[in-house]
Amino acid sequence: MFLEIENINKSFGDESVVIDLNVSLEQHKTLSILGKSGCGKTTMLKIIAGLVVPDSGSLSLDGRSMLEVEPAKRNIVYLYQEDLLFPHLNVFENIAFGLRIKKIGNVIVKSQVEEMIANLELEGQADKMPHQLSGGQRQRVSFGRAIITNPSLLLLDEPFGSLDAGTRKNMQGLFRRLAEKFSITSLFVTHDLKEAILMGDEIAMMESGNLKVYKDKMAFVEDSNTGVKEELTFWKEMMG
Amino acid sequence: MSKLKSIALWAYVVAIMFPFFFLLLLSLSSDWRYPALLPEYFGLKNWVQVVGTESGLAYSFFISLVISLSVAVTATLSGFFISRYVSYHKKKGLLTMLTYFPYILAPVVFGACLSYYFLRIGIFGTTAGVIIAQFIIAFPYALIFFSSFWNEKIKNYENLVSTLGGNRWTTFTKVLLPMAKGLMMVCFFQTFLISWFEYGLTSIIGVGKVQTLTIKVFLFIKEANFYYGAMSCCLLIIPPVVLIYINKRFVFNKLI
């Protein structure tokens with residue numbers, strides 16, 4: 001498998017936050033992870049990104065052990081719920097940020113950023129500053145800034161959590177298109193049941209530090225802990 | 001009603017501006033004794049003497065600038081970087097409490113406490129000694145000032161840059177320093193003013209050998225030399241006015 005995580009544990013003091021984490025994921029696939037606040041999903045993503053050191057376990061990406069590799073050299077980008085656009089840079093420079101770090105030439109940067117802006121459906125916004133954009137536009141720039149660096153793995157921590165329902169739906173569609181076009185491998189964390197089902201090629205649920213990966217979406221639907229059955233019953237009763 | 005408002009506004013402006021105008025008037029006067037309504041001499045005599053060396057005001061102005069710029073630059077830069085360390089430290093509360101320590105004592109008492117150590121290392125009565133003493137006052141201010149900058153969001157920015165492939169240098173030069181530019185300008189301005197108007201600590205550590213402009217003002221007032229006192233006050237006002245203009249022009253407008 002492209003991503004292999006085995007027996008990772010993490011505690012803060014007496015509190016176990018991630019317990020015996022095991023995940024396998026094929027390249028170019030998205031694993032969506034459903035979990036409530038405080039279930040340990042952010043810590044899990046930070047461990048994978050190298051921002052938090054686990055107490056035990058192993059992590060490999062494309063056959064290469066990652067735990068000893070510093071975050072900057074993992075080629076794993078971690079996206080927060082907040083877009084975290086750099087307020088002093090315009091849209092173009094925000095998207096170009098990762099390429100500038102890698103000291104890629106201006107001509108290539110220009111063509112790649114312009115292409116990305118088109119893919120993000122942000123034509124005509126290149127010179128705008130972050131405060132001039134809407135929530136959805138900001139999140140698009142944030143995606144573009146991450147994807148343009150061609151990361152091996154993209155970690156998304158409730159990226160649409162702060163968006164309204166309509167924008168959220170558009171962004172879900174956009175992410176699916178981008179994931180396919182750029183062959184992205186990603187872990188997509190959300191607390192929204194529908195979003196978890198829509199966004200992932202595979203699906204998992206995290207509860208009190210334990211991650212359960214389902215063999216397919218039907219298994220996820222059938223599990224009474226996921227809340228899908230409750231939701232279905234609710235809507236059936238509503239419809240009479 | 002609007003006429004009344006206009007009069008009140010003008011009265012307010014006059015009340016604010018009058019002391020500055022009067023200082024300027026005094027600095028251009030000499031031999032102005034009661035009950036004369038106007039001074040016997042009115043001209044640039046006092047200011048010409050500043051250019052010369054008789055009063056030592058030009059030198060005081062220069063040495064004050066050197067001291068205040070040194071203090072402001074070092075306190076702002078070190079305050080920015082060290083406040084990050086303090087803010088992310090496990091014992092942030094304790095370290096922050098220690099930051100307030102220099103302000104518990106009056107500057108004169110604090111200066112007296114420091115003087116022993118300054119004597120031992122041979123910087124008592126020197127410009128370097130005054131810079132270090134003022135830095136000890138200005139640096140905690142900068143630490144406290146920047147502590148609000150370092151928060152969870154900034155930490156997330158740092159992490160983001162790191163996962164995008166940036167190292168520590170990139171994080172500071174491309175993200176943190178540009179984001180903190182406005183705050184750094186304000187901190188520079190504030191620490192400059194702390195140093196520029198500092199009297200108690202400077203008079204003890206400088207022991208009369210380091211005569212900053214503020215020390216000079218007090219000397220002239222003690223000597224009842226109002227004309228030179230007024231002139232040194234005018235000089236004292238110039239750098240803060242320049243800094244206020246720079247801050248207003250380039251910082252506050254952008255912050256707001």
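Modeller: Start with helices and strands: they are DSSP runs, numbered from the N terminus, with at least four residues (H or I) for a helix and at least two (E) for a strand. Residues are numbered from 1 along each chain as its sequence is written, while chains are lettered from A and ligands numbered from 1 in the order in which they are written. This is a predicted model, where local features need pLDDT of at least 70, side-chain atom pairs count only at pLDDT 80 or more and totals for chains, interfaces and linings use all residues, and side-chain values use heavy atoms, without hydrogens and water.

Biologist: How many residues of helix H1 of chain A are buried?

Modeller: Buried means under 20% relative accessible area, exposed over 50%, and partly exposed in between (1.4 Å probe, protein chains only). In H1(A), residues 41-49, eight of the nine residues are buried, so the rest of the structure largely encloses this helix. Among them are Met44(A), Leu45(A), Ile47(A) and Ile48(A). Lys41(A) and Lys46(A) are buried too.

Biologist: How do I read an interface? How many residues of chain B are in contact with chain A?

Modeller: Its size is often given as the accessible area lost when the parts come together. Here 16 residues of chain B are in contact (heavy atoms within 4.5 Å) with 22 residues of chain A. The two chains bury about 1,700 Å² between them (accessible area lost, 1.4 Å probe, summed over both), and 68% of it is on carbon and sulfur atoms. Leu160(B), Thr163(B) and Leu164(B) supply 39% of the area that chain B buries against chain A, more than any other three residues.

Biologist: Which residue forms a salt bridge with Lys153(B)?

Modeller: Side chains of opposite charge can pair when their charged atoms come close. The rule asks for a side-chain nitrogen of Lys or Arg within 4 Å of a carboxyl oxygen of Asp or Glu. Across this interface it finds one salt bridge. Lys153(B) pairs with Glu82(A), and the closest N and O atoms are 3.5 Å apart. On the side of chain B that touches chain A, helices H7 (152-163) and H8 (168-196) of chain B each supply at least two residues. H7(B) gives the largest share, eight residues.

Biologist: How many salt bridges does the structure hold over all chains?

Modeller: The count is 15. Asp83(A) and Arg138(A) form one of them, at 2.9 Å between the closest N and O atoms. Asp83(A) lies in the loop between strand E6 (76-79) and helix H2 (91-101) of chain A, and Arg138(A) in helix H4 (residues 135-147) of chain A, so the pair ties together parts 55 residues apart in sequence. Asp83(A) is buried, at 14% relative accessibility.

Biologist: Last, rings. How many aromatic pairs does a search of the whole structure find?

Modeller: Rings of Phe, Tyr and Trp (its six-membered ring) pair if their centres lie within 6.5 Å; planes under 30 degrees apart are stacked, over 60 edge-to-face, the rest tilted. The search finds 28 aromatic pairs over all chains. The rings of Phe61(B) and Trp196(B) have centres 6.1 Å apart and planes at 90°, so this pair is edge-to-face. Phe61(B) lies in helix H3 (residues 57-87) of chain B and Trp196(B) in helix H8 of chain B, so the pair ties together parts 135 residues apart in sequence. Trp196(B) is buried, at 3% relative accessibility.
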